[in-house]
Amino acid sequence: MGGRQMAVRKAKLTKRTVDAAQPEAARYAIHDSEISGFKVYVSTKGQKAFYLRYRVGGGRGATIREPKIGNHGELTVEAARQIATDWIAEVRAGGDPGADRQRRREAPRMNELLDRYVDEHVRVHKKASSAQNDEGNIRKYLRPSLGGKKVAELTRDDIAALHGRLSETPYQANRVLALLSKAMNFAEVWGWRPQGSNPCRHVKKYPEAKRKRFLSPAELGVLGDALRRAEAGELGAVMPSAVAAIRLLILTGARFSEIVGLRWDWIDFDAGRANLPDSKTGEKVITLPPAALEVLAAIPRDEGNPHVIVGAKPGAALVNLKRPWSIIREAAGLSDLRIHDLRHSFASVGAAGGMSLPIIGALLGHTQAATTQRYTHLSDDPLQAAAAQISGQVAAAMAAETGDVVPIRQQR
């Protein structure tokens with residue numbers, strides 16, 4: 001059963017030819033008379049688009065493709081002709097430009113990468129607080145700027161532009177860059193980008209001024225006075241558990257999350273230690289000196305609440321020290337002091353007293369020696385004293401008359 005086959009319309013495709021083509025009752029094609037397979041389709045509504053028909057492979061296994069080059073109006077006839085010429089050259093060299101174009105259209109976008117990165121890495125391998133920070137940075141910075149871009153097409157310029165927009169907050173800018181770089185490494189592992197193509201490389205991080213805020217002995221005194229006033233009710237509604245938390249922070253050098261997360265069954269009063277099953281660096285022991293044990297012994301226990309630092313809600317821990325800390329530091333005249341500076345101050349007292357950095361690092365729970373190096377300069381005073389003692393004896397020996405040399409004595 002056969003019907004009459006419509007004659008092929010053929011002409012050299014030019015601007016004049018394409019512009020003159022009018023819509024008909026059915027969609028039709030005008031084939032270019034010079035480039036085999038190059039054609040323009042005219043829809044029933046008069047829309048016109050360029051296509052190229054070609055064969056991939058040979059024999060019975062050959063595949064016929066007819067990918068769209070582009071719409072007339074968005075592309076000139078000559079531009080479409082050039083693309084068709086380039087595609088034919090690719091096909092002759094064994095390529096398949098239509099399939100390549102389809103793969104690009106279906107290629108994953110950054111939002112898909114970020115979703116998978118969060119599901120398979122952040123929520124699986126990171127601590128809850130770190131995961132929360134990562135997801136916040138993704139939601140606030142990465143999705144709005146880069147979410148719609150193809151993973152394979154993300155460039156160093158795209159990333160440098162985002163990093164530059166965050167230049168007024170260099171710490172934040174660098175954290176976002178590090179997060180994005182990690183996600184792009186996974187894109188390579190998952191085959192979404194070529195190996196070694198991470199576009200975050202060579203985007204220079206901003207210098208970060210390391211904050212060094214330590215309490216002096218005088219400041220420790222005024223802070224202690226403010227805590228006593230808070231305990232006496234002189235500073236308004238400050239929960240006793242908040243004051244206890246601040247005391248434990250300065251007396252142990254522990255992290256904020258470690259103190260507010262303390263449970264009574266983790267504390268060994270006889271051994272003077274708290275055995276944390278988990279922390280930022282994994283299992284950890286917090287050494288509890290006598291002063292810290294006194295604070296703990298004075299804290300009333302709430303029946304049914306396993307937490308040492310209790311919150312207002314029955315059975316729950318205190319989760320936020322922002323308001324009580326603000327009241328106490330203002331009362332002490334230490335408005336620039338952060339909670340984390342209490343940990344720094346604990347370490348600084350040890351360093352200034354000549355305690356070794358490995359010991360300080362062990363007390364703080366540092367897993368990297370370099371983390372403790374920030375306190376090196378605080379040991380200058382004991383070193384100066386030791387140098388003065390030695391050089392004084394050397395000078396005395398050098399000044400003595402011959403035969404009357406003063407021996408350098410070893411200090412015990």
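Analyst: Tyr117, Phe186, Trp190 and Trp192 come together as one aromatic cluster, where rings of Phe, Tyr and Trp (its six-membered ring) pair if their centres lie within 6.5 Å. Keep in mind that this is a predicted model, with local features needing pLDDT of at least 70, side-chain atom pairs counted only at pLDDT 80 or more, and totals for chains, interfaces and linings using all residues. Residues are numbered from 1 along each chain as its sequence is written, and side-chain values use heavy atoms, with hydrogens and water left out.

By that pairing rule you get 5 aromatic pairs. Take Trp190 and Trp192: their ring centres are 5.9 Å apart and their planes sit at 65°, so this pair is edge-to-face (planes over 60 degrees apart; under 30 is stacked, the rest tilted). Trp190 is buried at 17% relative accessible area, while Trp192, at 21%, counts as partly exposed (buried is under 20%, exposed over 50%, partly exposed in between, with a 1.4 Å probe and protein chains only).

Now the helices. α8 (residues 217-231) packs on α9 (residues 240-252) at about 155°, axes 10 Å apart, which makes α8 roughly antiparallel to α9 (that label takes angles over 145 degrees). On the α8 side, the contact (heavy atoms within 4.5 Å) is made by Leu220, Gly224, Leu227, Arg228, Ala230 and Glu231; α9 brings Val243, Ile246, Arg247 and Ile250. By class, that's 6 nonpolar, 1 polar and 3 charged residues, with Ala, Val, Leu, Ile, Met, Phe, Trp, Tyr, Cys and Pro as nonpolar, Asp, Glu, Lys and Arg as charged, and the others, Gly among them, as polar.

How values were computed: Axes fitted to C-alpha atoms, helices over the stretch in contact; angles between N-to-C directions. Helix = DSSP H or I, 4+ residues; strand = E, 2+ residues; numbered from the N terminus. Parallel < 35°, antiparallel > 145°, perpendicular 65-115°, else oblique.
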